[in-house]
Amino acid sequence: MSDVRRRAAGLSGGDHEVVRPLTGYHHEAYAIPLPRGNALGDRYDRANLRVPRPGVLWFDRRYFASEDRLLLALHGRIDRIPEVIRTDGSAVLQGFVEGRTLGTGWPGGRQLSPRHLGQLGTFLHQLVSVDPYGADIAQVPVMGPGPDDGDSAAALGQLVDFTERRVYRKHEQRYGPLFAALGVVGTDGIDRLRERARSLRRRPFALLHGDLHRENFVIDLAGDLWVIDWELAMVGDPLYDLATHLHLMRHPAREAARTARVWCDAVERARPGSSAGWQRDLPVLLAYKRLQSVYTDVIRAARSLEDDSEVNRRRLSAVAWRIQRVLDTAREPLGPDSAPTRRQIISAYRNWLTVTPAR
């Protein structure tokens, strides 16, 4: 039993009450019944105990040092996000939203209902209405300095630099041969994108969620949409949230256009100028998200295979299918030569596993 599991058992009055570990890459998390007299008890039946996993690789640049501190600062400012309280000792509990994620109940490609799309618009309006430099947000510790307000080009430049230095260069010695076998020539795509990023138009910065995908949307038992998992929140260009959402949701073109209209209306009502130049700049931000997925997913897939003592044909085939989709999506920013077949991807990973020493 891990230390986090023991803490969850202690808070709930016994391990038999603890729900199995919840999925999550960055955190170890458990759902527990709320102790008697807990401050969340009037609004939630259960709470979520989430503790960062030590030693995990971060493939995204973090802005805020504490998700819990951010949620405490946002209490009462944004509807339907988890409420957070501190308990005796060092534990922090989030209210557990009972329901299903969009990824569970609404498969990829299916459009959001008018009700849920409207609630997404309300969320985006409330999010951009928060003053990212106001006293409430300023009290949340940050991981490092960000660009000046409105400098969208510098904001994207920082993200591009992070992907190059902390994702590719940091792991180049081990995974560089694999990238080359997959047709990804070093950082050529990143270098081209860095040039494109310099042309981005200025937009007033906002608080961003940074990870708006299906598993971070929960539909509760009343049918309402909630937004969870704020560890990648940041202050930056509001268009980044739209680009991230469209990239991760994989909407068909018609649904993507409908979502973009809702986003434009929501952010402009909150802060005029937030959507300035969005149609010209959105392809640049989407190109970054697609490149980021290539550098991130190739390494994650390799590490998952390294940790599997018996890599079989079915496992390799599943990895190859996922990586082929990622490379196909990023063909424009990577270049036309980065489109290996599934068989070639399987061969690249198999050969790499054969010649690469174990971690």
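**Figure 1. What kinds of residues line the largest cavity?** By class, ten residues of this lining are nonpolar, three are polar and two are charged. Keep in mind that this is a predicted model. The volume of this cavity is about 110 Å³. In all, 15 residues line the largest cavity, and the ones closest to its centre are A155, L156, L159, M234 and G236. Which elements give two or more residues to this lining? They are helix α6 (152–181) and strand β9 (234–236). Helix α6 hands over the largest share, with five residues.

**Figure 2. A look at the second largest cavity.** This one holds about 60 Å³ of space. A search of the whole structure turns up four cavities of 30 Å³ or more. So how do you spot empty space in the first place? Rolling a probe the size of a water molecule over the atoms shows where it is left. The lining of the second largest cavity is made up of D79, R80, Q119, T122, F123, Q126, L225, W226 and V227. Sorted by class, four of these lining residues are nonpolar, three are polar and two are charged. The largest share, four residues, comes from α4.

**Figure 3. Two helices, α10 and α11, packed against each other.** Zoom in on α10 (residues 278–306) and α11 (residues 313–329), and you'll find their axes 9 Å apart, at an angle of about 170°. Are they roughly parallel or roughly antiparallel? Angles over 145 degrees count as roughly antiparallel, and α10 and α11 are therefore roughly antiparallel to each other.

**Figure 4. Who meets whom between α10 and α11?** On the α10 side, look for R290, S293, V294, D297, V298, A301, S304 and L305. On the α11 side, their partners in the contact are R315, L316, V319, R322, I323, V326, L327 and T329. By class, this contact has nine nonpolar, three polar and four charged residues.

**Figure 5. Zooming back out to the chain.** Taken along the principal axes, the C-alpha atoms of the chain fill a box of roughly 60 × 50 × 40 Å.

Terms used:
Residues numbered from 1 in each chain as written. Predicted model: local features only at pLDDT ≥ 70, side-chain atom pairs only at ≥ 80, totals over all residues. Heavy atoms only, no water. Axes fitted to C-alpha atoms, helices over the stretch in contact; angles between N-to-C directions. Parallel < 35°, antiparallel > 145°, perpendicular 65-115°, else oblique. Contact = heavy atoms within 4.5 Å. Nonpolar A, V, L, I, M, F, W, Y, C, P; charged D, E, K, R; others polar. 1 Å grid on protein atoms, 1.4 Å probe; cavity = no way out; pocket = protein on both sides within 12 Å on 5 of 7 lines; lining within 4 Å. Points joined across faces, edges and corners; volume = space filled by probe spheres on them.
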